[in-house]
Amino acid sequence: MSNNIVPRESEMSLAELRGDCARMAPHWTVPARTATKRVEHSRIHGVTVPPSSARLIDSMSDYGD
């Protein structure tokens with residue numbers, strides 16, 4: 001077990017967080033982009049929603065509460 005004590009999240013400053021991210025950035029890899037295939041319109045169908053879910057969504061406000 002390590003002797004390093006990790007500070008609680010609330011004790012970490014934004015500058016420390018940005019520094020940690022900057023040190024980790026070289027380790028992150030970006031996957032190669034793959035071309036997406038278009039879906040034929042004939043394969044796209046409507047969505048079926050159970051009545052209970054439809055009532056739930058219908059009762060929600062447009063922009064949240």
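The following legends describe an overall view and close-up views of a predicted protein model.

**View 1. Overall composition of the predicted model.** The protein contains two helices and zero strands. Of its 65 residues, 2% are buried. The accessible surface of the protein amounts to about 7400 Å², and carbon and sulfur atoms account for 57% of that surface.

**View 2. A nonpolar patch on the surface.** Three residues, Met12, Leu14 and Leu17, make up this patch. Together they present about 280 Å² of accessible area.

**View 3. Leucine 17 in its helix.** Leucine 17, a member of the nonpolar patch with Met12 and Leu14, is located in helix H1, which spans residues 14-24.

**View 4. The salt bridge between arginine 23 and aspartate 20.** The protein has one salt bridge. Arginine 23 pairs with aspartate 20, and their closest N and O atoms are 2.3 Å apart. Both residues belong to helix H1, where three residues, about one turn of the helix, separate them.

View 5. Arginine 23 counts as exposed because its relative accessibility is 55%, and the exposed class begins over 50%. Aspartate 20 has a relative accessible area of 30% and is therefore partly exposed.

Conventions: Residues are numbered from 1 along each chain as its sequence is written. This is a predicted model: local features need pLDDT of at least 70, side-chain atom pairs count only at pLDDT 80 or more; totals for chains, interfaces and linings use all residues. Side-chain values use heavy atoms; hydrogens and water are left out. Helices (H or I, at least four residues) and strands (E, at least two) are DSSP runs, numbered from the N terminus. Buried means under 20% relative accessible area, exposed over 50%, partly exposed in between (1.4 Å probe, protein chains only). Accessible areas come from the Shrake-Rupley method with a 1.4 Å probe; for residues, only the protein chains shown count as cover. Patches are made of residues with over 30% relative accessible area and no salt bridge: like charges are joined within 9 Å, nonpolar side chains (Val, Leu, Ile, Met, Phe, Trp, Tyr) within 5 Å. A salt bridge is a side-chain nitrogen of Lys or Arg within 4 Å of a carboxyl oxygen of Asp or Glu.
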